[in-house]
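Open the model in your viewer and keep the selection tool at hand. This tour goes stop by stop.

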Amino acid sequence: MPSLSKLFGHDSAQQVLRRALESGNLPGTYLFVGNNGVGKGALAQAFAQAVACLNPQRQPFDACGACISCREALRGHNPEIVTLSPAGEQMQIWQFWDRDNHPPGVLTHSLPYAPSLGKKRVYIIERAESLNESAANSLLKVLEEPPEYALFILLAAHTARVLPTIVSRCQTVRLFASPVEELTEYLKSTLGVEPSRAEVVAAYAEGRVGQAIRMAQHPEVGTEIERILDFAEGLPVAPHVRALRLAEQLRKLSGQVKALSGESTSSESEKGGGEEGGKERVGRQQLATVFDILIAFYRDLLTLSVGGEAAKRVVNRDRLTKLSLLAQQGTPERWISCMDSILLARRWLDANANITMLTETLTMRLLR
Ligand SMILES: [Zn+2]
């Protein structure tokens, strides 16, 4: 896990966080907001390490990497930096506080005690939008006034879906995607990703560093992308009557997307119950990833149908011949409206719309 100084992007967020650290006047509760895959988790970990560090570097402020707290954090085992993810679809009250018939709640057994390794206890709460009402209510008091040795970092894709009583208690920090060119360069020069792969991955991830790294590191990602593109190539020429059949294929296809959606890495955090809810969430994540690839595919068609200089920016260059032919099947307006339809479907997906209905509406819009 890179330290604050070695993280890619998020310059303005880092500035805000460093200033708070340097001033010695750190808020007790943060809310990091940004699209899935933008890198909230990595920033939270790096920030947590810097906050807990016993001997932080100055100018710029960062973790030392050598003290006991840092060493444990780097090994991924610092018991005072705790990450909580929802058990299933929702974050439940028993994950925080002791309740009958459940594993011990994290806060009950740590929050009352000052840290012994590092300077602070840090609690990173993933997907804060999934806090159900009773869990959220149980946290209001500690979020309002945590012990001075504790820091809470909540992560969420959008503030609109986090309970307002929670948002109002947090200092909000927004994270944004980076320019695709800068991300490509970072993947190539710092992470050693092969150049053509780095370009493709950065474009698919639309500048979101977390998603790009996930895509770059999985060997099966290439195969999964090819499968989605094979499917996509059938769309511009398919007759309207096949919409429902294609929607079914789309759902099946997204169920096979594992490496791309990071499913293998997130399944760890699903333990602790809520099996069904977890599956549902993974399904949505998988479909969102397929949408990302489809958007890049239609953007290529648009680029090619506009032609000229822009045509050099085609992402799926190894399919150039086929894509050029497909691009002639429609006008730039058609490809733009296809991209709009996918973006809209992605928003519905985030808003928990029914997946069957959502995919059927989408394919009906994509076909002529
Ligand atoms: Zn340290």
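What follows is a list of selections, with a note on what is found at each.

**Before you start.** This is a predicted model: local features need pLDDT of at least 70, side-chain atom pairs count only at pLDDT 80 or more, and totals for chains, interfaces and linings use all residues. Residue numbers start from 1 along each chain, as its sequence is written.

**Stop 1: the two domains.** Colour 4-174 as domain 1 and 218-366 as domain 2. These bounds come from an automatic or database domain assignment. Over C-alpha atoms, the centres of domain 1 and domain 2 are 33 Å apart.

**Stop 2: the segment before α1.** Helices (H or I, at least four residues) and strands (E, at least two) are DSSP runs, numbered from the N terminus. Select His10, in the segment before α1 (11-23). His10 is not a glycine, yet its phi is positive, about 55°. Most residues other than glycine have a negative phi, and most peptide bonds are trans.

**Stop 3: the sheet.** Show the open sheet of five strands, ordered β2-β3-β4-β1-β5 with parallel pairing. Two strands pair if DSSP finds at least two bridges between them. At the edges lie β2 (81-84) and β5 (171-174), each pairing on one side only. From one strand to the next, the twist averages 20°.

Now zoom in on β3 (residues 121-125) and β4 (residues 150-156). These strands run parallel and are joined by five bridges. Which residue of β4 stands opposite Ile124? Pick Ile153.

Contact here means C-beta atoms, placed from the backbone, within 7 Å. Axes are lines fitted to C-alpha atoms, for helices over the stretch in contact, and angles run from 0 to 180 degrees between N-to-C directions.

**Stop 4: a cis peptide.** Go to the loop between α2 and α3 (68-74), where Pro60 sits. The bond joining Gln59 and Pro60 is cis, with omega about -10°.

**Stop 5: α7 and α8.** Select α7 (residues 195-204) and α8 (residues 209-217); their axes are 8 Å apart, at an angle of about 140°. That angle makes α7 oblique to α8. The classes are roughly parallel under 35 degrees, roughly antiparallel over 145, roughly perpendicular from 65 to 115, and oblique for the rest. The crossing of α7 and α8 is right-handed. A crossing is right-handed if the near helix is turned clockwise from the far one by less than a right angle, and left-handed if anticlockwise.

Show side chains: Arg197, Ala198, Val201, Ala202 and Tyr204 in α7 meet Ala212, Met215 and Ala216 in α8. This contact of α7 with α8 has seven nonpolar, no polar and one charged residues. Ala, Val, Leu, Ile, Met, Phe, Trp, Tyr, Cys and Pro count as nonpolar, Asp, Glu, Lys and Arg as charged, and the others, Gly among them, as polar.

**Stop 6: α10 and α15.** Select α10 (residues 243-255) and α15 (residues 355-366), packed at about 125° with axes 8 Å apart. The two helices α10 and α15 are therefore oblique to each other. Their crossing is right-handed. Among the contact residues are Leu246 and Leu250 of α10, and Ile355 and Met364 of α15. By class, the contact of α10 with α15 has seven nonpolar, two polar and two charged residues.

**Stop 7: α14 and α15.** The axes of α14 and α15 come within 9 Å and cross at roughly 175°. That makes α14 roughly antiparallel to α15. Contact residues include Ile342, Trp348 and Leu349 in α14, and Leu358 and Leu362 in α15. The contact of α14 with α15 divides into eight nonpolar, one polar and one charged.

Conventions: Two residues are in contact if their C-beta atoms, placed from the backbone, lie within 7 Å.
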